Amino acid sequence: MNKALEEAEQALAEEEVPVGAVVVRDGMLLGRGHNRMQSLSDPTAHAEMLAITAACERVGEPRLEGADLFVTLEPCAMCAGAVILARINRLFIAVDDLKTGACGSVFDVVREPRLNHRVEVYRGVLSERSQDLLAKFFATRR
């Protein structure tokens, strides 16, 4: 989660919503990303999407079986769908997103029994650091 928080700090420095994500398998960092929606003018440029894409490019496959995703803010429905499609095993979340979270807060896409893959979810990992970054960002927007 520390690497994901480094990505979130980079997003904050770039005046993006400070969310970071990393994909890890067998102790190896496969992909990393931070929100880049504003800089890329792309509504899909979420930290999770960028980290998953980087990891898939690195391994040369569209599936990341056996991999874990660490993310500083609970994934939205789009990102939760990508987690399912990539076959991520475990998801570690720092902070719940009570407005758009799709991993248990608002929806629970990653554990939907009608889908062909479910993800183990762990919440509250280094939550204070992530919450501090989010509070810092949104304080400047109000």
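Guide: We will go through some terms one by one and set each value against its definition.
Guide: This is a predicted model, in which local features need pLDDT of at least 70 and side-chain atom pairs count only at pLDDT 80 or more, while totals for chains, interfaces and linings use all residues. Residues are numbered from 1 along each chain as its sequence is written, and side-chain values use heavy atoms, with hydrogens and water left out.

Visitor: Why is Phe-92 called buried?
Guide: Buried means under 20% relative accessible area, exposed over 50%, and partly exposed in between (1.4 Å probe, protein chains only). Phe-92 has 13% relative accessibility, so it counts as buried. Phe-70 is buried as well because its relative accessible area is 17%.

Visitor: Why are Phe-92 and Tyr-122 called stacked?
Guide: Their ring centres are 5.0 Å apart and their planes are at 15 degrees, so this pair is stacked. Phe-92 is in strand β4 and Tyr-122 in strand β5 (residues 120-123), so the pair ties together parts 30 residues apart in sequence. Tyr-122, with a relative accessible area of 34%, is partly exposed. Together, Phe-70, Phe-92 and Tyr-122 form one aromatic cluster.

Visitor: Now the helices. Why are α3 and α4 called roughly parallel?
Guide: Axes are lines fitted to C-alpha atoms, for helices over the stretch in contact, and angles run from 0 to 180 degrees between N-to-C directions. Angles under 35 degrees count as roughly parallel, over 145 as roughly antiparallel, 65 to 115 as roughly perpendicular and the rest as oblique. The axes of α3 and α4 come within 9 Å and cross at roughly 20 degrees, and α3 and α4 are therefore roughly parallel to each other.

Visitor: Which residues of α3 and α4 meet?
Guide: Contact means heavy atoms within 4.5 Å. Glu-48, Met-49 and Ile-52 of α3 meet Met-78, Cys-79, Ala-82, Val-83 and Ala-86 of α4. By class, this contact of α3 with α4 has seven nonpolar, no polar and one charged residues. Ala, Val, Leu, Ile, Met, Phe, Trp, Tyr, Cys and Pro count as nonpolar, Asp, Glu, Lys and Arg as charged, and the others, Gly among them, as polar.

Visitor: Which residues of α4 are buried, and what do they pack against?
Guide: In helix α4 (residues 77-86), the buried residues are Cys-79, Ala-80, Ala-82, Val-83, Ile-84 and Ala-86. The buried residues of α4 pack against α3 (47-59) and β3.

Visitor: What makes α1 and α5 roughly parallel?
Guide: α1 and helix α5 (residues 127-139) pack at an angle of about 5 degrees, with their axes 10 Å apart. That angle makes α1 roughly parallel to α5. Asn-2, Leu-5, Ala-8, Glu-9 and Leu-12 of α1 make the contact with Arg-129, Ser-130, Leu-133, Lys-136 and Phe-137 of α5. By class, it has five nonpolar, two polar and three charged residues.

Visitor: Let's finish with the loops. Is Glu-15 buried or exposed?
Guide: Glu-15 has a relative accessible area of 58%, so it is exposed. Glu-15 lies in the loop between α1 (2-13) and β1 (20-25). Leaving aside neighbours within four places in sequence, Glu-15 is in contact with Phe-137 and Arg-141.

Visitor: And why is Asp-26 called exposed?
Guide: Asp-26 counts as exposed because its relative accessibility is 77%. Asp-26 is in the loop between β1 and β2 (28-34), and has a positive phi of about 55 degrees although it is not a glycine.

Definitions and conventions. Phe/Tyr/Trp six-rings, centres within 6.5 Å; stacked < 30°, edge-to-face > 60°. Helix = DSSP H or I, 4+ residues; strand = E, 2+ residues; numbered from the N terminus.
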